[in-house]
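I opened this model to look up a few things. My notes follow in the order I took them.

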Amino acid sequence: MLEQVRVRLRALARRLRRLERRELDAFVRWLEHTGNLLQLSVLVFVPLLIAAVTWLANMTAAVSFLLFPPLASGTYTLFADPEGKHATPWAFVGGMTVGACCGWLAVVLAATIGLSSGGASASGAALSVFFTGVCTWALDLDVPTAFSTALLVLVTGNAQVAYVLGIVVSSAFVASAFVLWRNRFYEKRARYLYQTTSGDDHVLVPLDDGEETVARFAASIAGAHDAGKVVLFDVIDETAVENQSEGSAESDRPADTDRTERAATEAARRLESLAADLEMAYDVPCEVVVAGDGGRSAGLVLQTAREQNCDLIVTPYAERESGGLSSFITGLFDSEIDVIAFRSTGVPRRRWRDSLVAVRGAGDTARAMLDFAIRVSEPGRPVSVCTCIDSESRRRTAESTLADLVDAFSGRFETHVVTAAVAPYLSRAAPRYDVCFVGSSTDRSAASRFVSPPTFRKLSDLETDVAIVHRGRRR
């Protein structure tokens, strides 16, 4: 009785841990989207910074609470759009300071020429806005918060000097925190958040004869990281070996086990020769695994990948006779491990000089494709990223999406927003590149794939190598 309770409690604990890992993984993937990351940063850092400034202001009674409204709106602008034209320390601090100084000047001038009256001066308000517009235009500090600080000076009474000094100190404090966040985290978010940039180092390559280009492509990916490793994997079909032995003369036939061992030895020798070549050409360690299990299957490849601690599988592309992905490829796609189905044009390649990445958005699949393209492309060559739209009204949104995508990575990029269908555009553009990356669309619903078939199904005649990228379904 007690033992059964313990077993059930242990099973419940394991289930809760799996649920916790799934929830954490879902949160990380949600956070990988730049828009979500910015919204979370606004919710976290803007209140904290305003609270810190408020605490500092409470230490002295000389600082007016009127500095907080423009400071809060300006801080929101910084964190909500860190790549915008207003998101620079000079524009933020300079704009608010110039506005406060112009407002102070307008108050003094209005009082000097006798235009001030009780309460806020209308002439002072007009002069402060005018002076602020002229100064921000001349200094290229066209920020909205400058006009807020200029007008709020009018209601500070005799504390104009303290207000201006408070604006300078508080805005400088917020700008310093923003620069620290942007330089140390936001611009390096690919390193901290994007799983492919810190993983996909150990690559399993299930091979058959004549697929050396696939192994070289995998070695290019693994060799880009210091911790990279390539595992070449082959399977000896014992049934085929036995059938071959039955066709030979009885008196000359060796034992079936000898034939199997000979086939395994020949496969290992072939893979070891290729592994030595890959190690020399790509400076990446290579291992060889040969199994005898009646034929290559998705389950066997996935099991081997887990045993070899591989987080990426690069496999030759394969289709059914009736069209569509083979059951082997779909089996690999239905796992927690990242997969690239590589379709070569048949032209032997040792390097991929130029890469084209076709994306629909800035999700984790798009980031994975871009990361792989950076790894295999020749250093110093720009990676091209394209997206297709169906109307010009979506151009600005598409351009912003591509900017968010490439901004998180280091390197040189070209971005293209094309008003055209995906297949015709890639048919024209892809031949200029050595490899084209497309998504597997496994992150879309079945209904979505039915209405709009995956892009790779329309590229059967593409005159370049094609890498179909699938992001593993984390469990």
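**Glu187 and its contacts**

I started at Glu187. Setting aside neighbours within four places in sequence, I find Glu187 in contact (heavy atoms within 4.5 Å) with Glu83, Arg182 and Ala408. Glu187 and Asp407 are 220 residues apart in sequence, yet 7.5 Å apart in space, C-alpha to C-alpha. Glu187 sits in the loop between H7 and helix H8 (189-192). I take helices (H or I, at least four residues) and strands (E, at least two) as DSSP runs, numbered from the N terminus. Is Glu187 buried, exposed or partly exposed? Glu187 counts as partly exposed because its relative accessibility is 35%. My cut-offs are under 20% relative accessible area for buried, over 50% for exposed, and partly exposed in between (1.4 Å probe, protein chains only).

**Ground rules**

This is a predicted model: local features need pLDDT of at least 70, side-chain atom pairs count only at pLDDT 80 or more, and totals for chains, interfaces and linings use all residues. Residues are numbered from 1 along each chain as its sequence is written, and side-chain values use heavy atoms, with hydrogens and water left out.

**Whole chain**

I looked up the totals next. The chain has 18 helices and 10 strands. Of its 475 residues, 45% count as buried. Among contacts between residues at least 6 apart in sequence, 77% join residues at least 24 apart. The chain exposes about 23900 Å², and carbon and sulfur atoms supply 55% of that area. Accessible areas come from the Shrake-Rupley method with a 1.4 Å probe; for residues, only the protein chains shown count as cover.

**Record against model**

Residues 88-113 are 92% helix and 0% strand, with end C-alpha atoms 37 Å apart. Residues 159-181 are 96% helix and 0% strand, and their end C-alpha atoms lie 33 Å apart.

Ser128 belongs to helix H5. I call Ser128 buried because its relative accessible area is 0%. Not counting residues up to four places away in sequence, Ser128 touches Cys102, Gly103, Ala106, Ala150, Leu151 and Leu154. Ala150 turns up again in helix H6 (residues 144-152), where Thr145, Ala146, Thr149, Ala150 and Leu152 are buried. What covers these H6 residues? The cover includes helix H3 (68-80), helix H4 (89-112), helix H5 (122-139) and helix H7 (160-184).

**A nonpolar patch**

Leu43, Val44, Phe45 and Leu48 make a nonpolar surface patch of about 370 Å². Patch residues have over 30% relative accessible area and no salt bridge; like charges are joined within 9 Å, nonpolar side chains (Val, Leu, Ile, Met, Phe, Trp, Tyr) within 5 Å. A salt bridge puts a side-chain nitrogen of Lys or Arg within 4 Å of a carboxyl oxygen of Asp or Glu. Leu43 lies in helix H2 (residues 34-58). Leu43 is exposed because its relative accessibility is 62%.

**Positive phi**

Most residues other than glycine have a negative phi. I noted Asp283, with a positive phi near 55°. Asp283 is in the loop between helix H12 (256-282) and strand E3 (286-292). At 69% relative accessibility, Asp283 counts as exposed. I also noted Asn309, with a positive phi near 60°. Asn309 is in the loop between helix H13 (298-307) and strand E4 (312-316). Asn309 is exposed, at a relative accessible area of 55%.
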